[in-house]
Amino acid sequence: MKPSHAYLRQIVLPTMLIACFGLFMTILVQRITDDQRRKTMDIVSHEAGGRLETSIGNASRTLTDMKAMWLSSEAVTPEEFETYASTVFGSRTELVALEWVDPDNVVRYVHPLEGENLKAVGLDNNLYPNRLAPILRAKEIRSVVMTQPVLLAQGFPGAVIFDPIFRGDEYLGSAVGVLRFSTLLEDFGRTLHFKDYEIVFSAGDKLLRPDSLAIYTADGRRLVTSSGDAVADPSAPRIDAPTRLRGSSLVFADLPWMVYVTPRDRSVPPITLMSGIVSAAFIIIAWLFLNELRRTRDAFERTAARERDFTSLVSHQLRAPLTELNWMIDAAADRDASPEERATTLADMRKIVRQSIRVITELLHVSRIERGVLEIKTEETTLATIVDDVLMPLRETAKARGVQFRLDVPPSLTANVDAPKFVEALRNVVDNAVKYGPPSGGTVAIAARRTDGSVAITIADCGPGIPEDIRGRIFDKATALSKKGTTEGAGLGLYLAKNLIELMRGTIRFETSSRGTTFVVTVPAEEKKLPGA
């Protein structure tokens, strides 16, 4: 028997509407719950990172005080070290030991000289690459550097902070602070705020839990020796892809850290299940609304992610040059410094300022490109003039590297480009060719030809070519962000070049082999009208 229209209107349709509304309420409540959970996880992640940064910062300041003691004395005796260390050590709960490493990288003084700390006396850091590399890095940048998590000579998991001591250009050794992770992170186990969440700290390629009973590698192994040997361990923490995307990044003492947070209880709240069974109607309209809401939220999150990337990049790129400038200012203010030393220091300071200006310019362009507000004004421009402007600041670098430029640019050839921005784009490409291309005595060839309403500019070097594993991503921003730390630029040269050239209706591509790399940049030879104009 076929159902009547009245039965359909009175029973079937209301039932379907109730079921649809129940599904809508389930989705809505679950989304609200997930969003709230993610926001709470972000707060917990930032708070955990802040606490860790404060603790490590306190330890670093202790070493700064130790440097002052060293510089105030011609030769620090064991008695002087012990007197000073015992004075400051009691108030520094982050540290389990203070040490002095001599210029030969051997631990000479330790405080307190008792218990497990006795094992560190006479430790030759040259035998442990995971300790020697940070010492050499600290000497190179003349700033504080922390090891990745290691098994300390004392026998427990921790890290070592090295602060190099210089008198002028003479290296006197390093002030050293020894951190024990179980002490440094014990607050995370006691604080109620953190008990509902699993927290994993990533330092370099090592992983830690707040209990700090072991150090793990990212591939699921556990460290078992001070030299870095590891064995497979099924209990090692695993960071899934969604969690990895939401980690908080920080840098302590030249060591990058990440803080990952996941909730311990991932069950569906009872209210979500009840709303799915009990609730009613409007699922089609609600779906359209939620879909629009999702697109809006995703756009906002992408914008927020770009802002976080930009802020993180600015922090990383300006920290190193500002640290160097701070040290150089102290050196220049030294009354015992000779005029020649001060002149050299001022020259180095000017170089760092110029490099920092270039970094800031690159970062501002990235921000404006990604926000879609970078203004491009094209006009007919002589390419020979463009090339001269490109090479002007690079000739000194090329000369220092023994690289010569070979030019083939017709003086009458023109292109329709934004001259200042096109100069910057080409300069980034040529700069890469000089730095990573030909060996000493090699050449970088720059040529330009007009073809079918466009102008093709080639930049060819005779170097070893681009490594195969990065050829597919040299224009990616992610590749640039992975090179944080350089003071010669933000590492965004090719990323910027590609975006600037494309904004001028151009293209960029490359060909590479073991005999060299050739970049081909194509831009309009005359003004191109936009579609519909």
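Mentor: Let's start with a term: helices (H or I, at least four residues) and strands (E, at least two) are DSSP runs, numbered from the N terminus. This is a predicted model, in which local features need pLDDT of at least 70 and side-chain atom pairs count only at pLDDT 80 or more, while totals for chains, interfaces and linings use all residues. Residues are numbered from 1 along each chain as its sequence is written, and side-chain values use heavy atoms, with hydrogens and water left out.

Trainee: Thanks! Where does Asn 105 lie?

Mentor: Asn 105 sits in the loop between strand 1 (95-101) and strand 2.

Trainee: What is phi of Asn 105 near?

Mentor: The general idea is that most residues other than glycine have a negative phi, and most peptide bonds are trans. Here, phi of Asn 105 is near 70 degrees, a positive value in a residue other than glycine. Arg 142, in the loop between helix 3 and strand 3 (145-146), also has a positive phi, near 55 degrees.

Trainee: And which peptide bond is cis?

Mentor: The one from His 111 to Pro 112 is cis, with omega near -5 degrees. Pro 112 belongs to the loop between strand 2 and helix 3.

Trainee: Is Asn 105 buried or exposed?

Mentor: Buried means under 20% relative accessible area, exposed over 50%, and partly exposed in between (1.4 Å probe, protein chains only). Asn 105 counts as buried because its relative accessible area is 7%.

Trainee: How many residues does the largest nonpolar core have?

Mentor: In soluble globular proteins, nonpolar side chains tend to be buried together. A nonpolar core is a set of buried Ala, Val, Leu, Ile, Met, Phe, Trp, Tyr and Cys residues joined through side-chain atoms within 4.5 Å. The largest one here has 47 residues, and Ile 459 is one of those with the most contacts inside it. Helix 12 (419-436) is among the elements that each supply at least two residues of this core. Its largest share, nine residues, comes from helix 12. A second, separate core has 46 residues, including Val 88 and Phe 201.

Trainee: Which side chain meets Lys 67 in a salt bridge?

Mentor: A salt bridge is a side-chain nitrogen of Lys or Arg within 4 Å of a carboxyl oxygen of Asp or Glu. The partner of Lys 67 is Asp 163 (3.2 Å, N to O). This pair links distant parts of the chain, with Lys 67 in helix 1 and Asp 163 in strand 5, 96 residues apart. Asp 163 is buried because its relative accessibility is 3%, whereas Lys 67 is partly exposed at 21%.
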